[in-house]
Amino acid sequence: MATVNVNNLNALSDLHKKPDANFTYGTAGFRMKAELLDSVIFRTGILAALRSKKLDGKVIGCMITASHNPAEDNGVKLVDPMGEMLEGSWEAHATALSNAESNEHLIDYIHSMVSSLKIDLTKPANVVFGRDTRPSGESLVAALADGLKVLDATVTDYGILTTPQLHYITRCLNTAGTPEAYGEPTAEGYYKKLAAAFKVLVEGKTKLSALTLDCANGVGAPKFKEFLPHLDDALSVKIVNDDVDNPSKLNLNSGADFVKTQQRGPIGLKMAPQERYASFDGDADRLVYYYQDDDNTFKLLDGDKIAGLAAMYIIDLVKAAGIDSISVGVVQTAYANGASTQYLRNSLNVPVSCVSTGVKHLHHEALKYDVGVYFEANGHGTVLFSPSALKTIHSTEGSNPAQAVAARSLRALSEVINQTVGDAFSDLLLVETILTQRQWTPKVWDQAYTDLPNRLVKVVVKDRSIFKTVDAERKLVEPAGIQDAIDAIVLKFRDGRSFVRPSGTEDVVRVYAEAATRPETDELAYRIGGLVFDYNSNGSGTRPREFL
Ligand code: G16
């Protein structure tokens with residue numbers, strides 16, 4: 001059996017010593033203060049090479065990003081061959097490798113993986129990587145490259161990309177020359193594919209007014225600017241928050257996470273009534289829309305609203321194409337607004353499943369449908385077409401012109417949607433397609449249902465790992481007794497619903513609440529937030545004042 005070159009590993013690993021910290025591969029990979037990440041990223045390089053060898057040299061992607069987190073954070077996510085997130089069972093290996101205390105432990109763990117997973121070290125390893133605009137990305141890429149040298153991986157550095165672009169490229173590389181070929185494995189190829197499909201979808205329709213797009217001062221800004229010329233004026237977009245030269249501005253007072261959690265527009269953005277606005281997050285895998293109503297109220301069109309719009313449109317298209325044997329289903333998480341779930345179930349009559357937070361969970365569940373629409377309320381999601389649905393869509397000619405047009409739109413829709421992972425560019429084109437096709441304003445879109453007022457609160461605690469959940473993260477089983485206390489509070493609120501879960505990307509516990517009115521929702525959120533704080537403040541810190 002081939003073994004790892006220990007001298008090589010020791011020499012490289014000595015350049016990337018583990019700090020005194022504990023690491024976990026969380027909701028979306030490793031994510032924390034960038035200064036702690038050097039050894040983690042080095043070892044993630046080793047893991048990526050092992051994964052590629054295990055899969056007979058298939059290309060694995062590594063994306064260095066901390067997405068919606070502040071500028072001082074960074075992280076890494078691994079991408080499996082079809083562009084999906086790393087297989088769940090390998091997350092534990094990632095965590096174990098990152099926590100090995102010495103080079104000897106690291107080598108032992110690698111050898112234990114090689115033997116238990118039957119990895120043939122003589123197989124090639126192929127890995128591609130990219131990063132967002134964070135300044136720490138450059139040195140972390142160097143650590144990754146060192147990790148990849150340990151097992152002599154063949155690597156390609158794609159430089160600065162959005163996260164979904166790297167997912168797309170990974171799938172293209174692994175499917176090239178096969179019947180499932182996904183496209184040209186470059187950013188340019190990605191732009192061409194999306195733009196060509198979008199132009200088919202809006203052909204002959206009256207163009208909408210310009211969309212104002214907040215890029216969170218992240219990688220979405222330069223990349224969307226690169227993309228726009230490919231659209232040949234089929235879409236007007238005014239880009240704001242595009243300052244990638246000032247890293248501290250990344251995700252600051254702007255971007256999809258800010259807009260969703262604060263329920264307001266980015267600071268400094270002057271909104272006009274009934275115009276369309278959208279925000280990306282820092283690595284352009286999330287998208288939310290919003291507008292200002294005539295009475296100046298801010299209205300959010302979040303991931304739930306996008307899922308509802310997409311499901312409605314796809315159901316109509318499959319009916320119009322005469323292929324309504326294709327089943328459509330929607331996947332959400334506990335953060336989905338109760339009104340959105342009711343709309344999907346009762347008005348659209350689609351099955352809805354609820355899974356744990358993290359697109360990896362939603363993606364797997366969505367694969368169970370012919371067409372699986374999955375979105376987190378925070379704007380992260382996409383639509384998956386099963387191979388059999390694609391076959392039907394591609395073989396349908398339609399027995400009249402209307403059916404033929406609908407079938408053509410479905411084909412283009414499956415091309416405009418990035419089926420590897422949630423993608424803000426692709427989702428934006430999906431929304432713009434539907435609004436253009438229907439000639440809808442954001443207000444008309446919003447009328448599908450009225451959100452229950454909701455509030456998301458972050459609570460800083462001493463140790464978030466003591467909070468353990470079950471039931472798609474809707475119930476806490478630890479600390480003992482806390483769920484009963486939550487339930488007792490919720491019972492006092494009309495239409496009250498609340499749950500608590502530890503974040504997998506930030507060092508906080510998240511509290512979600514919804515109720516019949518805004519004041520009741522806020523009171524519920526803050527009371528539960530106060531409860532969580534009291535359970536784990538350990539006497540340190542100040543109990544936030546707004547927690548009643
Ligand atoms: C990541 C995940 C999302 C998740 C979000 C927040 O998003 O990809 O699926 O909803 O983190 O997760 P948590 O509540 O566990 O912190 P992103 O855009 O930051 O990569």
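Analyst: Strands are DSSP runs of E with at least two residues, numbered from the N terminus. The model is predicted. In it, D281 sits in the loop between β8 (277-280) and β9 (287-292).

User: Why is D281 called buried?

Analyst: Buried means under 20% relative accessible area. D281 has 0% relative accessibility, so it counts as buried.

User: What makes the pair D281 and R286 a polar contact?

Analyst: The cut-off for N or O atoms is 3.5 Å. A polar atom of the D281 side chain lies 3.2 Å from the backbone nitrogen of R286. That distance is within the cut-off, so the pair qualifies.

User: Which residues does D281 touch, leaving out those up to four places away in sequence?

Analyst: They are S67, H68, C215, A216, N251, A256 and R286.

User: How do you know that β2 and β4 pair?

Analyst: Pairing takes at least two DSSP bridges. Strands β2 (residues 59-64) and β4 (residues 126-131) are joined by six, and they run parallel. Therefore they pair.

User: What is the strand order of the five-strand open sheet?

Analyst: The order is β1-β3-β2-β4-β5, with mixed pairing.

User: Why are β1 and β5 called edge strands?

Analyst: β1 (30-33) and β5 (154-160) each pair on one side only. From one strand to the next, the twist averages 15°.

User: What makes you say that helix α5 packs on the sheet?

Analyst: Contact means heavy atoms within 4.5 Å. Helix α5 (residues 137-150) touches β2, β3 (73-79), β4 and β5. Its direction makes about 170° with that of β4.

Key:
Residues numbered from 1 in each chain as written. Predicted model: local features only at pLDDT ≥ 70, side-chain atom pairs only at ≥ 80, totals over all residues. Heavy atoms only, no water. Helix = DSSP H or I, 4+ residues; strand = E, 2+ residues; numbered from the N terminus. Buried < 20%, exposed > 50% of the residue type's maximum accessible area, 1.4 Å probe, protein only. Polar contact = N/O pair within 3.5 Å; in protein donor to acceptor, adjacent residues only side chain to side chain. Axes fitted to C-alpha atoms, helices over the stretch in contact; angles between N-to-C directions.
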